[in-house]
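Thanks for coming, everyone. Let me put the structure up, and then we'll walk through it piece by piece.

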Amino acid sequence: MVFKPTLDDFKGIGYYLGKIIIGLGLTMLFPIISAVLFKEINPAYDFIVSLLICLILGQLLTIVCSTQKDLSWVQGMVVVALAWLVAAVLGAVPFYLSGHWKSFLDCVFDAMSGLTTTGLTLAQDIDHICRTVNLWRHILPFIGGQGMIVIVLSFLVRGSAGAFRMYVGEARDEKILPNVVETSRFIWLVSIVYLILGTGALTIVGRIDGMSWINAVFHGSCIFMAAFDTAGFTPQSQNILYYHSLSYEVATIVIMVLGAMNFNLHYTLWRQKKKEIVTNIETRTFFISVMLTFFLLAIGLNKLGVYPGALGMFRKGFYLLISGHTTTGYQTIYARQFILEWGALALVALTIAMALGGAVCSTAGGIKSLRVGVIFKALYNDVKRIMLPEASVFIEKYHHIKDVILEDRQVRSAVLISLCYLCLYVIGGIVGMALGYPALSALFESTSAAANVGLSCGVTQAGMPAALKVTYILQMWVGRLEFMSVFALAGFFIASFRGK
Amino acid sequence: MKTRIIILSAACCLLSNVCSAQPTISSTELIENAKELDGKEVIYQGEAIGEVMTRGNYSWVNLNDGENAIGIWMPNNFLGLISFIGSYTARGDWLEASGIFNRACKMHGGDLDIHATHLAKIRDGRQVKHRLVAEKQRLSIILSGVLLCLLILQLLSKKLKKQ
């Protein structure tokens, strides 16, 4: 029997949703400061209006739904799923007020794309967007990559069982430190330290490449935020191609890989356990899948003679593969070149890399290396079991921060989530095909949206059908939250009508 | 007779110029027909955007024709022509670059670019002044008032609960 949610359930959800909205609103203070610094008066008011809307809505919810009760598992999941939808709508308000998007749906698309660290964009005339709105485009992935709930846990909510449930609901099932609030603060510490170092490095590279100080710092910070959070936004319309710079590309490769690494692994490395990077199942799987997909991609590109020499293969083939595999979405070619020049084999290799994605508990999307590693380990085990005598008993382990015994429960969970991702990729592809796009383009773009990558072969444009925009918005949302919270929201919704 | 010859030669000269003048090509055409145009001389027009990035004796200037922006690799002595670069505060100069188009430039790691041999300014850029939109200011004042009322309401309800 399904229980109908009570008023208390709704109050709990509303109260924490209100807190998250206030948290989101407060992050708009950064673009406001930027607007004041760069003397961009209209954008300043755009963000003041958006901030006030967030604070009013958040405050209203916390007053109306005031409660002392902790969140249950379902409530925690529902809060997270709703929070991401609401944040995409509220985060889109400054975009809409700036006038650089054709419709509010396009603004929501970009806000969801930013929050989920996807990087697909429908923005118009990016080269004339003010610095303040551009900064917001890059802050959104920084919020979403680390996790909105992580922000709220770090600053606005006391540590409790409910807090942990929200943390898990945001597709972060690994506790780095014993307390979930301490874990959230650690995630922010890592991100801020890397932000300072990464921005510094990119500023130096930018200066060497002939940029002015102010642009080198601004572009450096924006590119760092989008690279570390494996989003794909850049302040200019040409994406990374704008810089025409090998050193910029090398620097972003390092940052993208760092962003696709598990925060738990960062913590272990910070504690001087450098051996972990070699023994961890995730890094091993990531390395192997990068090598295999690059091998396929290189064969595809070489066969067609797409790029001259090793440098061309590195700056285009390898760069785009790392960009896709880490689910960043930075491009050094024009979207249409994928279809016109790359050929099917290279495109399929890149699509596989995008589908696999980065590490769990990182800013990356996709199926994730840990799951892929666990599935292959289980497959290897089963083959081994057939070879050994029937009476023999053996225990298989894998190393992920510590030695873990491989159990059926973990394999089942990894297979189920992987299957869900595959279904999501295919569903988006079918919608694309139904709307008239060629199969390969539709599957490529769908995988890019659902795995939160952001590479585009030209399908994502302001002129694409609204149904496809909505499909991609939902794919980005479901892909980022790794299904469970969305399923919980659907269950809660059904229970509200059918429960007893 | 002399006048006739002058007029005729002037007309011939003009006609030959018109015939030999290559039409400008758009960024979409360059991307879509990159294989056919690779290594050929093209004329491309667009607004200078972002900033000039100097690398030794040459510089990168990205020109946006409204569809895409294409990187133009040019000698530094062309830079004197450029006075405005497109950004939030300016409309960049509208420039015409003639040069060799590369689908995947060997020199620049496979970039799709144009190595300019000639640059001309078609239109001057200008500063853009953004006036304050009064509605936004008014809306923020109204919303501030609403938020203040909510905060007062919350304080009062807290006091009442305590009592």
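**Two chains and how they pack**

Start at the interface. Chain A and chain B bury about 4,100 Å² between them, and carbon and sulfur atoms give 57% of that area. Which residues of chain A lose the most area to chain B? They are His128(A), His244(A) and Tyr334(A), and together they make up 17% of what that side buries. In residue terms, 48 residues of chain A touch 48 residues of chain B. Keep in mind that this is a predicted model.

Now chain B. Here five strands close into a barrel. From one strand to the next, the twist averages 55 degrees. Take one pair from chain B as an example. Strand 3 covers residues 69–75, and strand 6 covers residues 113–123. How do these two strands run, parallel or antiparallel? They pair in the parallel sense, over three bridges. To find the pairing on screen, look for Gly71(B), whose bridge partner in strand 6 is Asp113(B).

Over to chain A, and its helices. A quick reminder: two packed helices are described by the angle between their axes and the distance between the axes.

First, helix 1, residues 7–27, against helix 4, residues 73–91, both of chain A. Their axes come within 9 Å and cross at roughly 40 degrees. Helix 1 of chain A and helix 4 of chain A are therefore oblique. The crossing is right-handed. Who meets whom? From helix 1 of chain A, the contact residues include Ile13(A), Tyr16(A), Leu17(A) and Leu24(A). From helix 4 of chain A, they include Val78(A), Leu82(A), Val86(A) and Leu90(A). By class, this contact has 13 nonpolar, two polar and two charged residues. Asp8(A) and Asp9(A), in helix 1, are part of that contact too.

Next, helix 15, residues 281–304, and helix 17, residues 335–356, again in chain A. The angle is about 165 degrees, and the axes are 7 Å apart. Angles over 145 degrees count as roughly antiparallel, so that is how helix 15 and helix 17 of chain A lie. This crossing is left-handed. Helix 15 of chain A brings residues including Thr293(A), Leu297(A), Gly300(A) and Leu304(A). Helix 17 of chain A answers with, among them, Trp342(A), Ala346(A), Ala349(A) and Ala353(A). The tally is 13 nonpolar, four polar and one charged. Glu341(A), on the helix 17 side, takes part in the contact.

One more helix pair in chain A. Helix 6 spans residues 104–115, and helix 7 spans residues 131–146. They pack at about 50 degrees, with axes 6 Å apart. That makes helix 6 of chain A oblique to helix 7 of chain A. Ala111(A), Gly114(A) and Leu115(A) come from helix 6. Leu140(A), Pro141(A), Ile143(A), Gly144(A) and Gly145(A) come from helix 7.

Last stop, a hairpin in chain A. Strand 1, residues 397–400, and strand 2, residues 402–405, run antiparallel and are joined by four bridges. Tyr398(A) stands opposite Val404(A). One residue lies between the strands. In this hairpin, Ile401(A) takes a positive phi near 70 degrees.

That's the tour. Questions, please.

How values were computed
Residues numbered from 1 in each chain as written. Chains lettered and ligands numbered in written order. Predicted model: local features only at pLDDT ≥ 70, side-chain atom pairs only at ≥ 80, totals over all residues. Heavy atoms only, no water. Pairing = 2+ DSSP bridges. Axes fitted to C-alpha atoms, helices over the stretch in contact; angles between N-to-C directions. Parallel < 35°, antiparallel > 145°, perpendicular 65-115°, else oblique. Left-handed = near helix turned anticlockwise from the far one by under 90°. Contact = heavy atoms within 4.5 Å. Nonpolar A, V, L, I, M, F, W, Y, C, P; charged D, E, K, R; others polar. Buried area = accessible area lost by both parts, 1.4 Å probe.
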